[in-house]
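Please examine the sequence and the model first.

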Amino acid sequence: MIIDTEGNHLEAKPYANEDELQKHIFEHPELLSESNDDKYISIAREVKIDSGRIDVLMLSHTGNIVVVEVKLDRNQQSRREIVAQIVDYVSTLSELSIYELNDRTNHKLLDKLEEAEIPPETADKLLRNADIEVILAVDQSNEDLNRIVQFLSAHTDFKISLAEISKHNDGDRTLLSSSLLFSKEDSAPKKSSESHDHTRSELMDRIAAAWNECPFAKEHSLFTHGNNATFRQILVPGWKSTLHYEFTFVRNTLYVRLDNELNPSDPNKSVIREAMKTFSGKIIGGKPIVVRNNQLYLAPFDPSDLNTLVSTMSQLISLTKTIIDGVTEFSRRSATTFAMLGIPVGSKLHCLKDPSIIATTADDKNQIIDMNGQKRTISNYSNEIIGSPTSGFEYFTYNGQRLIDIRNTNEQTNGEK
């Protein structure tokens, strides 16, 4: 109930249509927040994806993509339709990179990420791991809708909320009142999420260790990077880090896959996507290769079956890497070395993120001595400092210049391509 200071009751008024409610939510995303610490940022309305149109697309303060589905009580939809729609949206979105979704929003998404000081890489990882929030926004809820939301929250990994937003008129003013009937934090399974993530992290550690010790990985210098609880990437020398193989959990399913997360402006992206299609349906270890958009994968796998996981990844790389190498430009570029940059052994390199961190070149290739006196590759040291897979040549400087910039300058001077 809403009353004014004189005790007059303000009766709720119906919305003209779903578009009106959608407009109010887009212009006032705070209607969906529980507190000032849980803010949402509006990105775009009527965002077209392969499975339909998202009413309102938002961004959470942690970098999660937020899907807002607007429903009016008088426009009844069956429970099955609502559930199917939500599942379709989340499934379709998780197959996109943050850069592809940015294209669907007329390039508004990256701008909002920059304004919120959220790295695109953070949002991208959340998106492709289907860590997406869903909010059902209604003018008036009912028992059936409440039951749907509670069921999805209790029996799936969806972060789902139900918000009731009513409209009241006070003379020439329109007043909006919101109530979160069910928030994403209300689900009981969330209480065990810490132990769940811990278990996954342990599984990923075992998978990474088994892979890094296998003869194939050692022979080809293809090792896992990072320590994320849900995925471990395998970076290929000569490839950009946004094109990689990985072991990854999506919800409760373990995948072995090749991810093409190159920026849409990179001409290699579309070329690689077409090359990936040629592997669709091929069999590895009794499982067919599936190709969707910019991902090529096999699933599901038993996380405890390390031999099968290692064998499958080895076969996948053997089958695909040569073809990918043959169609890309950057793969023809030789690996960067200190000798190529004219940096002698014993030189001091400074970390771009923290200049007080110094590495000393230990050979003419890529080995350095870190500040603890350990010999390791420059990229391995950079990964530890940055906290994600990186190329050390991009994050260290020599005489005030980034190592990768030195290479680019040398190639331009020498007319190399």
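**Strands and their partners**

Tutor: In this predicted model, six strands form an open, antiparallel sheet in the order E21-E20-E19-E18-E22-E23. Strands (E, at least two residues) and helices (H or I, at least four) are DSSP runs numbered from the N terminus, and two strands pair if DSSP finds at least two bridges between them. Residues are numbered from 1 along each chain as its sequence is written, and side-chain values use heavy atoms, without hydrogens and water. Local features need pLDDT of at least 70 and side-chain atom pairs pLDDT 80 or more, while totals for chains, interfaces and linings use all residues.

Student: Which residue in E23 does Thr397 stand opposite?

Tutor: Strand E22 (residues 396–398) pairs with E23 in the antiparallel sense over two bridges. Opposite Thr397 stands Arg402.

Student: Which strand pairs with E8 in the parallel sense?

Tutor: E8 (residues 159–170) pairs with E3 (residues 12–13) in the antiparallel sense over two bridges. E8 and E9 (residues 173–182) also pair in the antiparallel sense, over nine bridges. The parallel pairing, over six bridges, is with strand E7 (residues 133–138).
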